[in-house]
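The sequence and the structure are shown first, and a description by topic follows.

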Amino acid sequence: MHDACKALERALGAFPRVKLGHWPTPLEPMDRLSEMLGGPRLWVKRDDCTGLSSGGNKTRKLEYLMADAREKGATTIITQGATQSNHARQTAAAAAKLGLGCDVLLEDRTGSNDPNYILNGNVLLDRLHGARVSKRPNGADMNAEMETLAAHLRDAGDVPYIIPGGGSNPIGALGYVNCARELVEQSMEIGLAVDALVHATGSSGTQAGLVTGLAALQSDIHLLGIGVRAPREKQEQMVYDLATKTADHLGTGVAIQRNQVRANCDYVGPGYGVPTEGMRKAVRLLAQTEGLLFDPVYSGKGLDGLIDQIAKGYFDGMNNVVVLHTGGSAGLFGYADAFDLPGYAG
C-alpha cells in the first residue's frame, strides 16, 4: 500500500496546485460518541481544519481549481451555490488570498426570509472576503447564469474563470483523490485498520474523488456517502459519472466500478438545506459529546445517517469507521432558530 500511495502522489504531482490549506488534516478518535452509540470505534477526519476561512472540504478542491485558473490567466472567479454555501465562502477566501476578483451567485433553494439565513453565516463571510454577491431564484439555471455573467465580464476586459457548484468537476475532485491517499497514509502510520469511511455527499465532487483515490490505491475501505439533496439513483449516478471522468483526467488507467459508489439518501428530509429533527439531534450530540461543530446542511445530515445506520446494524462486524468532517460551522449562524436553544441567562 505504501508503494501505491507514492505512485498516486506522483500522478497527482503532474497537476498544477496552489497551497491554500493545512495538511494533513488531523485524524482523531471520537471515543465518547463511540461508547454512547455502541457500534464500531468512530474516528473523525478533520477537514473542518483545512484553515481557509474557518476550514472545510472545498479547500482541497480549490487548490487544484485555483491553480488551473491562474494558469489560464484568470482575473476573476465566478461560482455558485445555495444561500448558505460553504463552497462559496471558501472560494471567496481563496480568490482574496490570490488577489483575484470573485462573483458569487447564490440560489434561493429554501425560500427562507430569516435575516440570519440570508445575511449572516456564510453570506456575511462571502462579503467580508470581498466577493460580489448576487441572488438567483430557486430553480434558476445556475450554469447558464454564470456563463451570462462571464460574457459581461469579458466584455469589460476581465478574464473570468467559472468554478461549478461545490467545485465538483474532474479538476476539483483531484483534491479528494489526494485526501484518500492522505487518509490511507495516516492510518498506516498509526496502525489503524479503517473498515469504512462515511461522509455527506451533495454536488458529488468529494465522493467522486474519494472513489477514484481508493480505487487507484486498490483499497478495501468501504465508502458510504449520506445524501443531502438528490434521490439515491440520481446521486449515485452523478458520483459514478464524475468519478469516471476524474479517473480519466488522472490518467493512471484506474477503472471505476459502479458498485464502488454507494449513497444512502434517506436523510435528506423535506429538501436541500431544510433542517430535519435527526440533523438537529446529531449536531447537538456531537457538540455536547465531542466538542465538534457540524453544519446543518451537509455534515449534520451525514451524521444523522451514520448514527441511524449504526443502530440498524449497517456497520456490524466493522471495528473502525472514519467520519469525514467536511466543515461548515459558519452555516450554523444562518440556522440559529432551527436548534431551539435556551436563551442566555441574564
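Which elements each supply at least two residues of the lining of the largest pocket? The model examined here is a predicted one, and in it the elements in question are strand β3 (76-82) together with helices α7 (142-155) and α10 (232-250).

## The largest pocket

The largest pocket holds about 660 Å³ of space. Its lining is formed by 31 residues, of which Gln80, Gly165, Ser203, Arg229 and Met238 are the closest to the centre. Helix α10 gives the most to this lining, with six residues.

By class, the lining of the largest pocket comprises 13 polar, 10 nonpolar and eight charged residues.

## Overall architecture

The protein chain contains 12 helices and 10 strands. Its radius of gyration is 19 Å, close to the 20 Å that the globule rule gives for 346 residues, so the chain is as compact as a globular protein of that length. The C-alpha trace spans about 60 × 60 × 35 Å along its principal axes.

Of the 346 residues of the chain, 58% count as buried. When contacts between residues at least 6 apart in sequence are considered, 81% of them join residues at least 24 apart.

## The second largest pocket

The volume of the second largest pocket is about 270 Å³. Among the residues that line this pocket are Val283, Arg284, Ala287, Gln288 and Leu293, and the lining also includes Ser329, Leu332, Phe333, Ala336, Phe339 and Leu341.

The classes in the lining of the second largest pocket are eight nonpolar, two polar and one charged.

## Enclosed cavities

A search of the whole structure finds two cavities of 30 Å³ or more. The largest cavity has a volume of about 120 Å³. It is lined by 15 residues, and Asn57, Lys58, Ala200, Tyr298 and Thr326 are the closest to its centre. Two or more residues of this lining come from each of α3 (58-71), β7 (196-201) and α9 (205-216). The lining of the largest cavity has 10 polar, three charged and two nonpolar residues.

The second largest cavity holds about 60 Å³ of space. Its lining includes Val198, His199 and Ala200, as well as Phe294, Ser299, Gly302, Leu303 and Leu306, and also Val323, Leu324 and Thr326. Strand β7, helix α12 (299-311) and strand β10 (320-325) give two or more residues each to the lining of the second largest cavity. The most comes from α12, with four residues. In this lining there are seven nonpolar and four polar residues, and no charged residues.

## The setting of Lys45

Is Lys45 buried or exposed? Lys45 lies in strand β2 (residues 41-46). The relative accessible area of Lys45 is 1%. A residue counts as buried when this value is under 20%, and Lys45 is therefore buried.

The side chain of Lys45 makes a polar contact with the side chain of Glu182, at 2.6 Å. Leaving aside residues up to four places away in sequence, Lys45 touches residues that include Thr25, Pro26, Leu27 and Arg60. Cys179, Glu182, Leu183 and Gln186 are also among the residues that Lys45 touches, as are Val322, Val323, Leu324 and His325.

Notes: Residues are numbered from 1 along each chain as its sequence is written. This is a predicted model: local features need pLDDT of at least 70, side-chain atom pairs count only at pLDDT 80 or more; totals for chains, interfaces and linings use all residues. Side-chain values use heavy atoms; hydrogens and water are left out. On a 1 Å grid over the protein atoms alone, a cavity is a set of points where a 1.4 Å probe fits but cannot get out, and a pocket is an open set with protein on both sides within 12 Å along at least five of seven lines; lining residues have an atom within 4 Å of a point. Grid points are joined across faces, edges and corners, and a volume is the space filled by probe spheres set on the points. Ala, Val, Leu, Ile, Met, Phe, Trp, Tyr, Cys and Pro count as nonpolar, Asp, Glu, Lys and Arg as charged, and the others, Gly among them, as polar. Buried means under 20% relative accessible area, exposed over 50%, partly exposed in between (1.4 Å probe, protein chains only). A polar contact is a pair of N or O atoms within 3.5 Å; within protein, one must be able to donate a hydrogen and the other to accept it, and residues adjacent in sequence count only if both atoms are side-chain atoms. Contact means heavy atoms within 4.5 Å. The radius of gyration is taken over C-alpha atoms; the globule rule is 2.2 Å times the number of residues to the power 0.38.
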